[in-house]
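Could you walk me through this structure, step by step? I am new to it and would like a plain tour.

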Amino acid sequence: MITIVGAGLAGSLMAVYLAKKGYAVQIYERRPDMRINNWERGRSINLAISQRGIHALEQVNLWQDILKIAIPMRGRMIHDRQQNLTFQPYGIHEHEVIYSVSRSALNIALMNAAEQLGVSMHFNHRCINVEKHENHVNLYFWHEIENKEIIHTANTVIGADGAFSAIRQNTFKLERFTYSQTFLDWGYKELTIPAGENGSFQIEKNALHIWPRHDYMLIALPNTDGSFTCTLFLPFEGEISFENIATDDQINAFFEQNFPDAKALMPNLIQEYKANPVSTLVYIQCSPWYYKDKIALIGDACHAVVPFYGQGANASFEDCFVLQSIIDKYPNQWGRIFEEYHKARKINADAICQLALQNFVEMQSKVADKKFLLRKQIEQKLYEKHGKKFTPQYNLVTHTNIPYSEALRIGKLQDGFLQELANRINDISELDFDKIQIPQFE
Ligand SMILES: Cc1cc2nc3c(=O)[nH]c(=O)nc-3n(C[C@H](O)[C@H](O)[C@H](O)COP(=O)(O)OP(=O)(O)OC[C@H]3O[C@@H](n4cnc5c(N)ncnc54)[C@H](O)[C@@H]3O)c2cc1C
């Protein structure tokens, strides 16, 4: 019997993988069953799913169903202050798209699949403590409805309980455990561009929209009902901040000045802005991710990242895929499985953490910077001309399964090369692409 704590994206997919291998699995989840009570409003209701997530879902035949409720986004649509639009494609091939998927629909599909395979689910069980013994682990839960403590004895535990994981906090209390938790000075708030007439999309449907404004930005992802979920990223404090944009007049003036085209499509802006919470942005790094042959962490519980590469869930799904493939290699040797899993994933989790922070700077300010756009044009052209010899870092991260650490390494090499080319010119027409020698990056 394997016990998973957390029925979020990682916990539910891991349960599916394990149940398919014939393991008896049970999941304990803090929240009520979201299939009955939809809890998700106000917390990033859609996600960008890309190759790594798709690959992990395909292995258990779930992607084709998810695809039916996903909207392909073929590139970024940049909205500048003058309300000009620039479309930056995500790639040059048909498959180089990312998909906007409802977080709760995805989670529900995974929970349904797990349950159909015989996984038993216990909702309203909040893990509050972990007690390690020689041959077993006692998990302490607080039953949120019955207001009582429940003790569950387990042999093998997978902690999939998110960024503020109780399994992580309680397992490693007295161990040599390296841990860091870093909050950004920015927070985020969700807003909506509702559907137009007859469920039509009021801005380009197949794009991830970005309004970059240096110190802050607005993004929007499409939903299947024609609406867009917008996320406003803003500093908590300072001249332009959540603290200082609070009254009706301040909200109106800020949006009028910075995002007039979006504001015109947000009839409920003031109500939503005031009603929706400001959430924090945190990244977490820790090591090790496992305790002997008893407990391992997956997903945000061991590597929460900032959301600017759209990879947190994708990386969590990739954890599940890697862990299950190691289980196949060493059946039931949990100590070995967890050690190998940690070795395989930690380096890549660190890489995506770094990449996501870099993309924060890129999305906020560089996408509006002329030299950066020139570099992007060169990068795109080199990709078109030289294909596999020059695959941009974004494409490596988003549209392939090569390890994140490799994408980080190759991207650094490409960066210097692109910078050098861009420094020489003012316009892309000045480069003769037939004469450019591409170094060996991979
Ligand atoms: C604003 C924002 C936008 C994002 N956009 C993207 C995106 O576009 N693409 C992408 O790939 N990723 C994105 N992410 C990241 C993604 O949401 C996470 O990486 C992903 O949800 C991690 O899955 P998880 O299962 O590890 O954690 P979670 O989804 O957080 O699930 C953890 C589960 O554990 C439960 N739980 C927590 N504590 C306990 C406890 N004590 N006892 C029992 N159960 C507990 C929770 O209720 C929850 O169900 C975004 C994140 C944010 C904040």
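**A helix inside, and what lies around it**

Let's begin with helix α10, where 13 of the 18 residues are buried, so the helix is largely enclosed by the rest of the structure. Here, a residue is buried if 20 or more other C-beta atoms lie within 10 Å of its own, exposed if 12 or fewer, and partly exposed in between, with C-beta atoms placed from the backbone. Helices (H or I, at least four residues) and strands (E, at least two) are DSSP runs, numbered from the N terminus. The length of α10 works out too: at 1.5 Å a residue its 18 residues should span 26 Å, and its end C-alpha atoms are 26 Å apart, which agrees. That expected span is 1.5 Å times one less than the number of residues in the helix.

A word on what you are looking at. This is a predicted model, so local features need pLDDT of at least 70 and side-chain atom pairs count only at pLDDT 80 or more, while totals for chains, interfaces and linings use all residues. Residues are numbered from 1 along each chain as its sequence is written.

Now step back to the whole chain. It comes to 14 helices and 19 strands, and 42% of its 442 residues count as buried. Its C-alpha atoms fill a box of roughly 70 × 55 × 40 Å along the principal axes. A compact globule with 442 residues would have a radius of gyration near 22 Å, and the chain has 23 Å, which agrees. (The radius of gyration is taken over C-alpha atoms, and the globule rule is 2.2 Å times the number of residues to the power 0.38.)

Next, the ligand. There are 32 residues around the ligand, and Gly6, Gly8, Gly162, Gly299 and Gly312 come nearest; a residue is near if its C-beta atom, placed from the backbone, lies within 6 Å of the molecule. Helix α10 turns up again here, giving the largest share of the shell, 4 residues. Other elements that supply at least two residues include α1 (9–20) and β9 (125–132). By class, the shell has 14 nonpolar, 12 polar and 6 charged residues. Ala, Val, Leu, Ile, Met, Phe, Trp, Tyr, Cys and Pro count as nonpolar, Asp, Glu, Lys and Arg as charged, and the others, Gly among them, as polar.

Take one of those glycines. Gly8 sits in the loop between β1 (2–5) and α1, and Gly8 is buried, with 24 other C-beta atoms within 10 Å. Leaving aside neighbours within four places in sequence, Gly8 is in contact with Asn107, Ala160 and Gly162, where contact means C-beta atoms, placed from the backbone, within 7 Å.

For another spot, look at Pro72 in strand β4 (residues 71–73). Pro72 is partly exposed, with 16 other C-beta atoms within 10 Å.

Finally, the domains. The chain is divided into domain 1 (2–67 + 101–181 + 282–359), domain 2 (183–280) and domain 3 (369–430), with bounds from an automatic or database domain assignment. The centres of domain 1 and domain 3, taken over C-alpha atoms, are 34 Å apart. Their contact takes 12 residues from domain 1 and 9 residues from domain 3. On the side of domain 1 that touches domain 3, α2 (51–58) and α11 (334–364) each give two or more residues, and the largest share, 6 residues, comes from α11.

How values were computed:
Two residues are in contact if their C-beta atoms, placed from the backbone, lie within 7 Å.
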